[in-house]
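Hello,

Here is the structure for you to look through. My notes follow below it.

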Amino acid sequence: MLRSGILTALAVVAISPFVNAVSSQTYTWKNVKIGGGGGFVPGIVFNPTEKGLAYARTDIGGAYKLNSDNSWTPLLDFADDSRWNYWGVDALATDPVTPSRLYLATGMYTNSWDPNDGQILISTDYGATFTPSALPFKVGGNMPGRGINGILFFGARSGNGLWKSTNYGVTWTQVTTFPSTGTYIPDSTDTTGYNNDKIGIAWVTFDKSSGSSGSATPRIFVGVANAGSSNIFVTTNGGTSWSAVAGQNTTYLPHKGVLSPSEQALYVSYSNGAGPYDGTLGSVARYDIAAGTWKDITPVSGSDLYFGFGGVAVDVQKPGTIMVAALNSWWPDGQIFRSTDSGTTWTGLWAWEATYTKYYSYSDSLAPWLGPNYVDTVQGDKQIGWMMEALVIDPFDSNHWLYGTGATIYGGRDLLKWDTARNVTINAWADGIEETSIQNLISLPSGPSLLSAVGDLGGFVHNSLTSPPSASFSNPTWATSADIDFAGLNPTNIVRIGTGDRTGGKVALSADGTTVLWRTSANGVQVSSNQATFSAVSSLPSTAVIASDKKTASIFYGASGSSFYISTDNGKTFTVKGSLGSSAYPSKIVVHPTVTGDVWVSSDTGLFHSTDSGATFIAISGVTQAWAIALGAPATTGGYPALFAAANIGGVGYFRSDDKGVNWVKINDAAHGFGSASANCLTADPRIYGRYELLHRLSTFQADPKPSVYIGTNGRGIFYGDASGTAPANTATATTISTTSSVPTSSTSTTTTTKTSTTSTTSTTSKTTSTTTTTTTSSSATSTGTPAAAYGQCGGLCCLPWSSFIE
């Protein structure tokens, strides 16, 4: 039974240096290469008047500009903690008159997850710099239907209607004459705010042939997410008045509307869901503008039609040539259709003939983890892709095409072979796009320097910073690995947990690899030793941050609220050891790799350090809030480990201290903000001074002979930084202040045993994989004193030697 009380007058010694303004040290930052993107690419746009100019937008990883070698350059790496929602790009437009102008509609969520209104980011230099124009409503770059929104006019979500700017996006006004703001809601019963919002305006398409150069375009088509009522509207006077296009399909939602100027035809794709995951029925239609008539040109019918349609592309150099993508054909593979006669007849990338036949060659050499580097004919393997909302043909080159999927960008430069030899080349062409969401990283004292737990991709062993890993984790395979840890005395032993529908949380592995402490998301804290059945640990709160000692196998740590907990009996029971001041939300615990009881804790009120296993803590002066923290190799042999922190030290940023938090240097700069600080994780290389990995949900790694840092982000992958400038001189010295705090005490409670069974259900890629497995490999070691970092989140669990994960 748990008892609580108050122990007063506990002396806490605080190291409180006088903190001057934090100086900066120059670092050179680069992405660790996972390659291939790693996430959903809902939009790709070619500029119609400047050859070779194209952009891609992602749902959580910002926007990118195409390079001549088929690689991509990120445009929004400057987004920092206060501008983290810039990485959710809901719409993109490149100016056909002044191609240097680029417009991005940015914002991450329309629900409470993102408290910020959206903005239009305006660039006049091809995305080299941006100026924001605030919107009076939210924008949802990572919301449902994120593959179907358009810009300039700007079609908004959440019933906010159609908006117009007449001064290059500086200011915006609502088009009050537009007749519909959209009625479709994916799931009105959803209480999270994610699926119960109106999708709104789907797309805006200008008919430039309807006007003359230098004047506003008179005829504009707008698609709206309405089901069962008019959903495509047109104006012939530049937006003064609007009317529903007669004879239209009102059964499904219009996903894309693409104009073929020479044909004077509008091609529209439809699906019975907003996407990007759904869609079980749909159609494709051609609207003859001059005649005012519609024609159903859906490529398949009957039992062959079990998906909706997403991306649509026309070849402006070859009128009548159109391509359309199945939004989600989950079996036997994704599908793209092509017609050269305005949709009268079609051919696909695969067909059922005498056998299941595919009509392409394939290369994923730039991202080998995507799968086999050859044409995969296994039914159910989705090599072609899924979530295919982006499909484009280069307006200057009929052979050049690109399309986005839920994992990458594919493309080629021999598209016209489709119409003759019928064997086009598909390449994984997302080099430079790093869009993964990292759940955690660990850097080992021996063996591979970095292992990652990655959202949607499972995670990797990173043997190189500059080359992509060849395969993700397997045995077991999870869509998302939520957390990962290693045994301090035997670092070849790794524990990894995966996302599921019943469990989740954080995990810590004892120093000898025999005990797993698992803070699940739904079943409280549990512990297992020597592969035994997991038992409930009722003496540690279910929300606690956890960590293991990396030298003493019996010691685990926890933090919840202002209380710091310790277990000395292999995680079976915990007691309150000390206080974290007024903290309400601890973020991370890291432990000195060679000194037991030397513990650091970050929280919503600052950064705390204890050298007596948490009995007393010092609050590091000048740090008002801290999230990810890590200890790495010391600056001098035998010195104290370098301390890294994502923290607020006179402003939110990323910092390093070589003297236990007395002096700090800022290591990020104006060009590298790394998004939301609170979403990032961090780990430091214990072998190379200065090397550090920070996660905001992304990953990769490689060794370098000079100091380097690793930052993983929630959407932009892992960054590594090399110190390229001299560290500034120290400006502060330590002083000692005694303070008093109150510590709640508690007695230990009994441990109850619960039986777990091994179940495994695997859903289609890009959906949640639910797995609960428990296997441990252990190696005995003599435990002599020290704690270490543990990281976590979500799911099923496995514990294996890291050699099992090597590509």
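**A nonpolar patch**

Tyr 306, Trp 331 and Trp 352 make a nonpolar surface patch of about 330 Å². Nonpolar side chains (Val, Leu, Ile, Met, Phe, Trp, Tyr) are joined within 5 Å, like charges within 9 Å. Areas come from the Shrake-Rupley method with a 1.4 Å probe, and for residues only the protein chains shown count as cover.

This is a predicted model: local features need pLDDT of at least 70, side-chain atom pairs count only at pLDDT 80 or more, and totals for chains, interfaces and linings use all residues. Residues are numbered from 1 along each chain as its sequence is written, and side-chain values use heavy atoms, without hydrogens and water.

Trp 352 lies in strand β27 (residues 350-352). Strands are DSSP runs of E, at least two residues, numbered from the N terminus. Trp 352 is partly exposed, at 43% relative accessible area. Gln 526 lies in strand β41 (residues 525-529). Gln 526 is buried, at 9%. The cut-offs: buried is under 20%, exposed over 50%, partly exposed in between (1.4 Å probe, protein chains only).

**An open sheet**

Four strands form an open sheet in the order β47-β48-β49-β50, with antiparallel pairing. β47 (586-591) and β50 (618-619) are at the edges with a single partner strand each, so one side of each has no neighbour in the sheet. Strands pair if DSSP finds at least two bridges between them. β47 and β48 (residues 599-603) have five. Trp 600 in β48 is the bridge partner of Val 590.

Best wishes

Definitions and conventions
Patches are made of residues with over 30% relative accessible area and no salt bridge: like charges are joined within 9 Å, nonpolar side chains (Val, Leu, Ile, Met, Phe, Trp, Tyr) within 5 Å. A salt bridge is a side-chain nitrogen of Lys or Arg within 4 Å of a carboxyl oxygen of Asp or Glu.
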